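Hello,

Here is the structure I promised to pass on to you.

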Amino acid sequence: FTMGLGKLMVQWNKLSPDVGADQKAFSLGYDHQMSKRTDLYAVYMNEKKSGVSGTGNSYAVGIRHKF
């Protein structure tokens, strides 16, 4: 989804392996265009495995420059 000079990013996935616990993850991020080749990004992710109490949270921020 385009928002101003950047993009809102949303992702949901589910992994159901033949062996082991099911895993679900939800990610929400924003990518801001600084110039034609440089952008800043921030992402939050929440993961949950079946059979395990609680969830895991991850955060990422960074700058990307394309050569």
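Below are my notes on its salt bridges.

This is a predicted model, in which local features need pLDDT of at least 70, side-chain atom pairs count only at pLDDT 80 or more, and totals for chains, interfaces and linings use all residues. Residues are numbered from 1 along each chain as its sequence is written, and side-chain values use heavy atoms, with hydrogens and water left out.

If a salt bridge is taken as a side-chain nitrogen of Lys or Arg within 4 Å of a carboxyl oxygen of Asp or Glu, the count is two. Asp 31 and Arg 64 form one of them, at 3.6 Å from N to O. Asp 31 belongs to strand 3 (residues 23–33) and Arg 64 to strand 5 (residues 56–65), so this pair ties together parts that are 33 residues apart in sequence. Strands here are DSSP runs (E, at least two residues), numbered from the N terminus.

Asp 39 also meets Arg 64 in a salt bridge, at 2.9 Å from N to O. Here too distant parts of the chain are linked, since Asp 39 sits in strand 4 (residues 38–49), 25 residues from Arg 64. Together, Asp 31, Asp 39 and Arg 64 make up a network of salt bridges.

How buried or exposed are these side chains' residues? Buried means under 20% relative accessible area, exposed over 50%, and partly exposed in between (1.4 Å probe, protein chains only). Asp 39 is buried at 1% and Asp 31 is buried at 12%, while Arg 64 is partly exposed at 37%.

Best wishes

Key. Helices (H or I, at least four residues) and strands (E, at least two) are DSSP runs, numbered from the N terminus.
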